[in-house]
Amino acid sequence: MRSLAGEVFILQLVIVVLLLAAAVAALVVQAQHESTSDARHRTLAAAEAFASAPGMLTALHSSHPSAVLEPRAKAVQKAADVDAIIVYGLDGITIAHSDPTRIGQQVVGPYAEAAAGRAFTRTFDSSLGRSVISVVPVKDTDGSVVAIVAAPVTIENVQHAVNRQLPVVFGSAAVALGLAAGGAGLVSRRLRRQTHGLDPSEMTRMYEHHDAVLHAVREGVLITGADGRLLLANDEARRLLDLPADAERRPVTSLGLDPGLARLLVSEDPATDEVHLAADRLLAVNKRPTAPYGPAGSVVTLRDTTELQALTGRAEAARGRLNLLYEAAGRIGTTLDVVRTCEELAEVAVPRFADVVTVELLEPVLGGEEPTGGSTEMRRTAAVGLGKHHLYSVGELIRFVPANPIATALVRGRPVVEADLSTSAGWRAQDPERAQRILDQGIRALVAVPLRARGVVLGVASFWRAQVLPPFEDDDVSFAEELTARAAVCIDNARRFTREHAVAVTLQRSLLPRSLPEQTAVEVAYRYLPAREGVGGDWFDVIPLPGARVALMVGDVVGHGLHAAATMGRLRTAVHNFSALDLPPEELLAYVDELVARIDSDEATAEGDGQGITGATCLYAVYDPVSGQVATATAGHLGPAVVHPDGTVAFPQLPVSPPLGLSAGLPFESAELTLPEGSQLVLYTDGLVEDRDRDLDAGLAALRSALARPGRVPEATCAAVIEALLPARPSDDIALLVARTHRLGSERVAEWDVPQDPAAVAPVRAACVRRLAEWGLAEIGFITELILSELITNAIRYGAEPIHVRLLHDRALICEVSDGSSTSPHLRRAKTTDEGGRGLFLVAQYAQRWGTRYTPTGKIIWAECALHGEGTQAGEGLGEILLDQWDDLAP
């Protein structure tokens, strides 16, 4: 019932009911009216008939009129269907009555009119109900009234006949109502199908929207029938096609349309954005069938594209520029290299935006510095396009004249457009001959855009066009500014990285060894290559140790940048300091580990979020050329590779220890290897064997293959390894240290066991002097004899057995005295009253270096003496030094 059809059905049904009710009511009222009228006519006719009946006067003049008239009255009452026939005398006495009991009674009533000779009819209310009475006078032959006849009847008695007709009336009304409801239902059903069950508001809204869309839309709408006639056309369609006023219901082919458009409209084929000509308009036509949504036919939409044609080219160009900007975002700034970033800018713009693109940067920018301005001298950094051109070459330092558009853009900080270079006097003034050659090559227009980033102009990007491309417009200049602005930020980032990288490299180079110390234990070669992304924390070192030994180490700090480089310097310094104590490798790493843990704790406490150095690794190895042994310990670092003289390569298994700062107090372990002379000990960082495209196992296999060559010197080994394993773009620092071992022959080593007896000092001292003479070192015999006497005497007096003396003839003469005690002598200045305490002072004065190192069974006191002439010069001042130890005023 909510639908329009339902509401129409209800409305029809209500109207029919109201009409039937009105008809029935009218019939009832009419029946009542007719009943009263019938009663009037019936009573009047009965009264007049009885009064005028033959023999009426005779009966009234008879002696017994009642006897004569009463039968007649009853007969007339019955025939006329009235309530009674009454005859009154002029005195009001009842003469005759259909009810004999009423004869002779006095009747009071409105009989004056009848007595006067006029008949009348009255309606009155009686005890029996609403009644009608007609009174007629009975006149004598002379016209005088002799009696009065009255005929009453109740209206109810008359209505019995009418009431008998009411069932027929109501039945007829019911039949009429049923027929009307059925008809309304059929009409509603048909209407519901036509309106698809829509309610009135929806119908109203639909038609309102239909009219609004149909006539207000800026598209022409046509509906054609299956027979090719135009059924509907909105205002826009009439305007676009210039249709006549009576176009609807006419065949489409008779409307004077373009033949191609007319054929499309009458065909059954759909169309999508087909372009057709209508007068001077270019229309985009879309056509779809109306079925199954309506009767067979088609709906056609027309869109005027004439005005859009002028915008199509610009829209395509704008879309191309947006795509180019999107592409530039991914192609510019892929590296933190200033030059490469400039090349990427030029490569993006050629050839879709310009035929040639050149980029000039101020000189400080290429060095990572911030330009100060005021100079028009720039270096051409990139040039792309047109193959061989006559512009300045890449790398050339150009001093632009102030009138040159490129210099103007640099100074003003705004783009400068030269639509026709042939008329640009400032551009020609730079180099007239070169300018003419450029024009002859076909280049005609230029846009110079400053490279501005963070408020600083870094250089100028120049976009050149030849005759193939159209001249530069305002949209082109805006695009060039946007493209250059994006590239300028990338160039500035690369500049900042270059500066920071240079600072970090400088710091790192200052912290790494600039040259290797002189020693004879190993022959060393090395390589250090910083990562492309930034300086890291890899380091290496070679440290000479007492007893002709040497310490080799490599380390790695996780991360890149200044912090990693500074951390590397701190760790290298710490290892240097601890190596001066001549500690075994495992003990040295334990001290460094404790130091790193303490530094991390201090930085975390002081800064809260400060960067620690957890994650550093280190490999420390000590080689003894006398025994040929290598003691090695590692803190989370890759183990060394050993290349034997025959070219075989081994990776010794070392005890595994965590990186520095993570051992949690656990002891470090070391391993000892004995290497034949001529072996190569290869130490490296993980950047050499691990990379983005190579895992550790593959890297170690490649390293083994590169090392497996006999008879190479360390320098050749380094070159071969780097050539084989260096990635194209290293992501981590690489440190490589190759040490070829040498042995100190037995002919250059002298050893004696000394009993713990002062008398044994002299024989050992004499044997040492003889060995020095055999080595050709007699000139330093006195100094050596003095040093050995002091060291052996101290060992006998304060030490414990076994006491052992060893002389090593190396780059210096090394004197070693070992004993079984762990007490270490120390240098002091004796008082004038002391009888002793001056021996170590003399040793320190005449030896180049001296010190103590501990062994698992005791300690070794060692001293190094210079070879040949240096000892003689030192001995000449011996007397003065000894005399200086006593005061002349002493008792």
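**Figure 1. Arg 42 in helix H1 of the predicted model.** Arg 42 belongs to helix H1, which spans residues 4-51 of this predicted model. With a relative accessible area of 21%, the residue is partly exposed, because the buried class ends under 20%. The C-alpha atom of Arg 42 lies 8.1 Å from that of Asp 81, and 39 residues separate the two in sequence.

Figure 2. Arg 249 is not a glycine, yet its phi is positive, at about 75 degrees. The residue is located in the loop that runs between helix H7 (235-241) and helix H8 (259-266). Its relative accessibility is 59%, so Arg 249 counts as exposed. Asp 582, likewise not a glycine, has a positive phi of about 55 degrees. The loop that holds Asp 582 lies between helix H16 (562-579) and H17. Asp 582 counts as buried, because its relative accessibility is 7%.

Figure 3. Val 350 and Pro 351 are joined by a cis peptide bond with an omega of about 5 degrees. Pro 351 sits in the loop between helix H10 (338-349) and strand E11 (356-362). A cis peptide bond also joins Glu 801 and Pro 802, where omega is about 0 degrees.

**Figure 4. The largest nonpolar core and the surroundings of Phe 353.** In soluble globular proteins, nonpolar side chains tend to be buried together. The largest nonpolar core of the model comprises 60 residues. Phe 353, Leu 451, Phe 463, Trp 464 and Leu 483 are the residues with the most contacts inside this core. Helix H15 (residues 474-511) provides the largest share of the core, 9 residues. Leaving aside residues up to four places away in sequence, Phe 353 touches Leu 324, Phe 463, Arg 465, Leu 469, Phe 472, Asp 476, Phe 479 and Ala 480.

**Figure 5. Leu 391 and its contacts.** Leu 391 is placed in the loop between strand E12 (377-384) and strand E13 (397-399). Its relative accessibility is 8%, and Leu 391 therefore counts as buried. When residues up to four places away in sequence are not counted, Leu 391 touches Val 356, Thr 358, Arg 380, Arg 434, Ile 438 and Trp 464. For Thr 358, one of these contacts, the C-alpha separation from Leu 391 is 8.8 Å, across 33 residues along the chain.

Figure 6. Rolling a probe the size of a water molecule over the atoms shows where empty space is left. Helix H13 (425-430) and helix H14 (432-440) each contribute at least two lining residues. The largest share of the lining, 3 residues, is supplied by H14. By residue class, the lining is made up of 8 nonpolar, 2 polar and 3 charged residues.

**Figure 7. The largest pocket and its lining.** The largest pocket holds about 900 Å³ of space. It is lined by 35 residues, of which Arg 549, Arg 853, Tyr 854, Thr 855 and Pro 856 are the closest to its centre. Helix H17 (585-607) gives two or more residues to the lining, as do strand E20 (617-624), strand E21 (629-635), strand E24 (670-674), strand E28 (803-809), strand E29 (813-819), strand E30 (849-855) and strand E31 (858-865). E29 gives the most, with 4 residues. The lining residues divide into 14 nonpolar, 9 polar and 12 charged.

Figure 8. The model has 0 disulfides. Cys 490 has a relative accessible area of 19% and is therefore buried, since buried means under 20%. Cys 718 is also buried, with a relative accessible area of 0%.

Key. Residues numbered from 1 in each chain as written. Predicted model: local features only at pLDDT ≥ 70, side-chain atom pairs only at ≥ 80, totals over all residues. Heavy atoms only, no water. Nonpolar A, V, L, I, M, F, W, Y, C, P; charged D, E, K, R; others polar. Core = buried A, V, L, I, M, F, W, Y, C linked by side-chain atoms within 4.5 Å. Buried < 20%, exposed > 50% of the residue type's maximum accessible area, 1.4 Å probe, protein only. Contact = heavy atoms within 4.5 Å. Disulfide = S-S within 2.5 Å. 1 Å grid on protein atoms, 1.4 Å probe; cavity = no way out; pocket = protein on both sides within 12 Å on 5 of 7 lines; lining within 4 Å. Points joined across faces, edges and corners; volume = space filled by probe spheres on them.
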